[in-house]
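Please look through the sequence and the model below.

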Amino acid sequence: MCGIFAYKGQKTNAAQLVVNGLKKLEYRGYDSWGIAFKTGHKVSIYKEIGKIGEFDISTLKEKVDGPINGHMAMGHSRWATHGGVTQENAHPHYSQDKTIAVVHNGIIENFEELKTELKEKGYKFRSETDTEVISHLIQKYKSLGPVDAVKKALSRLRGRYAVLVLCAEDDRLIAARRGSPLIVGKGENEFFIASDIPAFLEYTRKVMYLDDNQMVVINNDAEFFDLETNKKIDKRIVKIDWSPESAEKGEFPHFMIKEITEQKETIARAINQDEKQFMKIANEIKNAYGTYLVGCGTAGKVCLTGSYLFAKIAKRHVNVTFGSEFPSLQDFITDRSLVIAVSQSGETADTLEAIEVAKGKKAKVLSIINVEGSSMDRISDYAINIKAGPEKAVASTKATTAQLAILTLLAYALDNRLEEGKILLVNTASQINDMLNPRYEDHILNLAKKIKDVESMYVIGKGVNYPIALEAAIKLQEVSYIHAEGFAGGELKHGPIALINDGVPCVVIVANDETKQETISNAIEVKSRGGYIIGIAPENNNIFDYWIKVPEVGEASPIVNIIPIQILAYQLAILRKNNPDMPRNLAKSVTVK
Ligand code: M6R
């Protein structure tokens, strides 16, 4: 939610670097954007509604009063929370006297009361945002000096934030975090600060993670402080192994199709784990007294799939819930419980809250994440990195299947059959490699052309593929904007079948397992009511109006079954002229509650 990028260093085109950085972070929020840049003793702000897209920095000169070259700038790409999508509400936000500019990601819970207090003191608000209280508060405490004024202002805030501050009278870049991600990149005599690593990968792979309640003050060097104790902190520099190219579209028109295609390699990479550590984690699951799988959105559907995989492969019961629902179930958590958090970003606020609740009960936490060094990676007792590489399209694809691969492997490890699981998944990876080719994509494109104008579509699955039907519906909703819903096949007759009429597309996921016959019967029920049956299965069946073949991979069927639906969703988005990488109203990483 919201992307932040800042530069301080020897280069004089800081504003340009920030605009470029924001373009790379736009997947985090794209309803408006803005930059603040320092020239001499002046902080200038420029902001716009809409996507930063192809914004050309050379046009900035005509749009702002005064010079634009300088060594320090910061910017923000917004996903609106408080206040509509307007230029006034876009970040950065000035203080009353325009000597301080602030960008912020997160939510300030007590902003109403702070706003009332500041208004009474004569501060005039230009926006409806919660953020603006921060810039005015810093001005209020200005006499303390910039760093202490920021500290004092932050001490007044309740809620989550990643905040960056530029002051006209000071040459330092000040940043702090509590609950929203912020990472410092260290180059040669220059520093970058961003919400996510891909934004500065082309300049440096050396990073320093800001933890909650920490501040960094950047001048010629970066000094870190603990906001609670006021003590200095020595930060370790971590070297990131993502390449700059991995975060670019390359020859692909969109990140979504690039990331779908990368599934040719990502499954094999995901399962390449340190076996000793993997077995240790499997033993933690074995020994836990109550295990909860927790995730949101697609990751939540992966968790539900995991519960079926653990039951089927390892005969092991695990509980499942969404991150946002976990606090309501906390009474069952003890110091012997294990919470398994699944998250691509490792920064989703609802999942992080679940972890905080679990830790509060002294439960152990295992995180399955894609972003190394993310909050979940760092606060968990154990972490498994799914190694999918940067995922930038809002709709998750390669991270989803890599998470599914890890949960499948964990289920085998739990049953002391790690090697068998590995062989299955290596074979699955190779089948996916064969499956993903232009002919396959064209076959799905033909289907997309047939159904592109429908109002609604449904997806059904059974057993371990029931959560895959739910995930399929999310993919279709997110990027095609077609009303799509997923159901357990057996549930249709209990209500949803009333929705079926002539020509309504119904995707039926038919695995070659004990659920096959019943799922086919469910498809017959839909077809008898006029439904158009799209079968996703290793074998064709008379009942299918359109068949999309998937390889036969036994217990790994959820991994291969979701891929054709990812392709279908992408192609529907293109045919319906939607931007699949940045779907409306969504953001890649949901760091607010
Ligand atoms: O980063 P996370 O995996 O924790 O994100 C969770 C959800 O926000 C995410 O899966 C969301 O549902 C995706 N846009 C789905 O494609």
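**The ligand site and its surroundings**

Ser-343 places a polar side-chain atom 2.6 Å from an oxygen atom of the ligand. This is a polar contact, that is, a pair of N or O atoms within 3.5 Å; within protein, one must be able to donate a hydrogen and the other to accept it, and residues adjacent in sequence count only if both atoms are side-chain atoms. The model is a predicted one, in which local features need pLDDT of at least 70 and side-chain atom pairs count only at pLDDT 80 or more, while totals for chains, interfaces and linings use all residues. Residues are numbered from 1 along each chain as its sequence is written, and side-chain values use heavy atoms, with hydrogens and water left out.

In Lys-475, an N or O atom of the side chain is 2.9 Å from a ligand oxygen, and in Thr-298 a backbone N or O atom lies 3.2 Å from one. The protein covers 90% of the 410 Å² of accessible area that the ligand has on its own; such areas come from the Shrake-Rupley method with a 1.4 Å probe, and for residues only the protein chains shown count as cover. The ligand is surrounded by 14 residues, of which the closest are Ser-343, Gln-344, Ser-345, Thr-348 and Glu-478.

The chain is divided into domain 1 (3-246), domain 2 (250-435) and domain 3 (437-581), with bounds from an automatic or database domain assignment. Between the C-alpha centres of domain 1 and domain 3 there are 44 Å.

Next come the cores. A nonpolar core is a set of buried Ala, Val, Leu, Ile, Met, Phe, Trp, Tyr and Cys residues joined through side-chain atoms within 4.5 Å. Buried means under 20% relative accessible area, exposed over 50%, and partly exposed in between (1.4 Å probe, protein chains only). The largest core has 87 residues, and those touching the most other members are Phe-310, Leu-366, Ile-368, Leu-410, Met-457, Leu-476 and Leu-568. Helix α12 (residues 398-414) gives this core its largest share, twelve residues. Helices (H or I, at least four residues) and strands (E, at least two) are DSSP runs, numbered from the N terminus. Domain 2 and domain 3 each supply at least three residues to this core. Leu-568 is in contact (heavy atoms within 4.5 Å) with Ile-444, Leu-447, Ala-448, Ile-451, Met-457 and Leu-476, leaving out residues up to four places away in sequence.

Gln-263 belongs to helix α7 (residues 263-270). This residue is buried, with a relative accessible area of 0%. Its side chain reaches the backbone oxygen of Ile-260 at 3.0 Å. Beyond neighbours within four places in sequence, Gln-263 is in contact with residues including Thr-397, Lys-398, Ile-432 and Gln-566.

Most residues other than glycine have a negative phi, and most peptide bonds are trans. His-91 and Pro-92 are joined by a cis peptide bond, with omega about 0°; Pro-92 sits in the loop between β4 (72-78) and β5 (93-94). Lys-387, in the loop between β20 (382-385) and α12, has a positive phi near 55° and is partly exposed at 30% relative accessibility. Tyr-481 also has a positive phi, about 65°. Tyr-481 lies in the loop between α15 (466-480) and β22 (483-488) and is partly exposed, with a relative accessible area of 23%.

How values were computed. Near = heavy atom within 4 Å.
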